[in-house]
Amino acid sequence: MKRAKKIRPNQILQMGEDFGQPFTSFVPQPFSGSMTAFEYIIMIKILNLVKPIKVFEFGTYMGNTTRFILENGLQFSEEKQFIYTLDLNDTEGVKFEGNDDALAKKVVGTRRLYQESSYRERVVQLLGDSLTYDFSSIKHQFQLILIDANHALEYVTKDTENAFSLLDDKSTYTIIWDDYEHPSFTDLTAYVDELAYKGRNIYHVEGTNWAIELSRDLVVPPAIVGVSV
Ligand SMILES: C[S@@+](CC[C@H](N)C(=O)[O-])C[C@H]1O[C@@H](n2cnc3c(N)ncnc32)[C@H](O)[C@@H]1O
């Protein structure tokens, strides 16, 4: 079966002109469900390449990634509503795979970490099941989209279809699927591979659980030989 192309982190890090730029980070949380520190480095690079005016996140969880994007991406946007992030207000009737059930139950009704940020009013917290949520009023607005909610195939498929309709594909953009190649979510990996095989410009970032779709104007340079990442 055809797989998404591999991209080395150094290929992404070579892109753009933002070397040496400071950023704001937080000690990564030790529990499952969050991004790694290394994924956050790649996120910084993507923020600087895409310069998103609006961001959409499927799956808020504790709000750590929301806060990270907020603190580091706000400089590119004058939109009052900079990040939209969706999570469940109730797990009733939702099907889960792996440990998604436990993660979801843990955060229903919780106070999220982005609420600690002085920029918190720039976050729009949406509540509902992504399978049935009505996105019709916010289509074609988002330059950065993170798909990281329910990893069962039915939900990933629906979230991806909705992401394509939320996307501002006239601008530079990136879509990130988290948990690509996660052993609990083999259907997700096969689905993303199928999208790549059908012609979407999707790469697996080596050393991460991310598959990313880059808009075609983001040209990927050759890997630097002898660099370990
Ligand atoms: C892996 S966590 C998200 C992690 C977060 N993006 C981060 O980087 O910290 C997945 C989240 O998706 C939410 N979720 C699961 N099923 C969902 C659904 N059907 N609709 C909306 N959110 C869902 C869960 O409640 C959970 O908070």
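**Close-up views of a predicted protein model**

**View 1. The whole chain, element by element.** Starting at the N terminus, the elements of the protein follow the pattern β-α-α-β-α-β-α-β-β-α-β-α-β-β. Please keep in mind that this is a predicted model. In total, the protein has six helices and eight strands. Its C-alpha trace spans about 50 × 45 × 35 Å along the principal axes. The radius of gyration is 17 Å, which agrees with the value near 17 Å that a compact globule of 229 residues would have. Of these 229 residues, 38% are buried. Among contacts with a separation of 6 or more, 78% link residues 24 or more positions apart.

**View 2. The open sheet.** Let us turn to the strands. Eight of them form an open sheet with mixed pairing, in the order β1-β7-β8-β6-β5-β2-β3-β4. At the edges stand β1 (5-7) and β4 (123-127); each has a single partner strand, so one side of each is left without a neighbour in the sheet. From one strand to the next, the twist averages 20 degrees. As a reminder, strands of a sheet pair through backbone hydrogen bonds, and the pairing is either parallel or antiparallel.

**View 3. Where β3 meets β4.** The strands β3 and β4 run parallel and are joined by five bridges. Look for Leu 86, which has Leu 126 of β4 standing opposite.

**View 4. The shell around the ligand.** Which residues come nearest to the ligand? Of the 25 residues around the ligand, these are Gly 59, Tyr 61, Thr 65, Ala 104 and Asn 150. The elements that give two or more residues to this shell are α3 (64-73), β3 (83-87) and α4 (100-107). The largest share, four residues, comes from α4. By residue type, the shell divides into 12 nonpolar, eight polar and five charged residues.

**View 5. Ser 25 and its surroundings.** Our last stop is a loop. Ser 25 lies in the loop between α1 (9-14) and α2 (37-50). Setting aside neighbours within four places in sequence, Ser 25 is in contact with Tyr 40 and Phe 68. Ala 37 is 12 residues away from Ser 25 along the chain, and the C-alpha atoms of the two are separated by 8.7 Å.

Methods:
Residues are numbered from 1 along each chain as its sequence is written. This is a predicted model: local features need pLDDT of at least 70, side-chain atom pairs count only at pLDDT 80 or more; totals for chains, interfaces and linings use all residues. A residue is near a molecule or strand if its C-beta atom, placed from the backbone, lies within 6 Å of it. Ala, Val, Leu, Ile, Met, Phe, Trp, Tyr, Cys and Pro count as nonpolar, Asp, Glu, Lys and Arg as charged, and the others, Gly among them, as polar. The radius of gyration is taken over C-alpha atoms; the globule rule is 2.2 Å times the number of residues to the power 0.38. A residue is buried if 20 or more other C-beta atoms lie within 10 Å of its own, exposed if 12 or fewer, and partly exposed in between; C-beta atoms are placed from the backbone. Two residues are in contact if their C-beta atoms, placed from the backbone, lie within 7 Å. Two strands pair if DSSP finds at least two bridges between them. Axes are lines fitted to C-alpha atoms, for helices over the stretch in contact, and angles run from 0 to 180 degrees between N-to-C directions.
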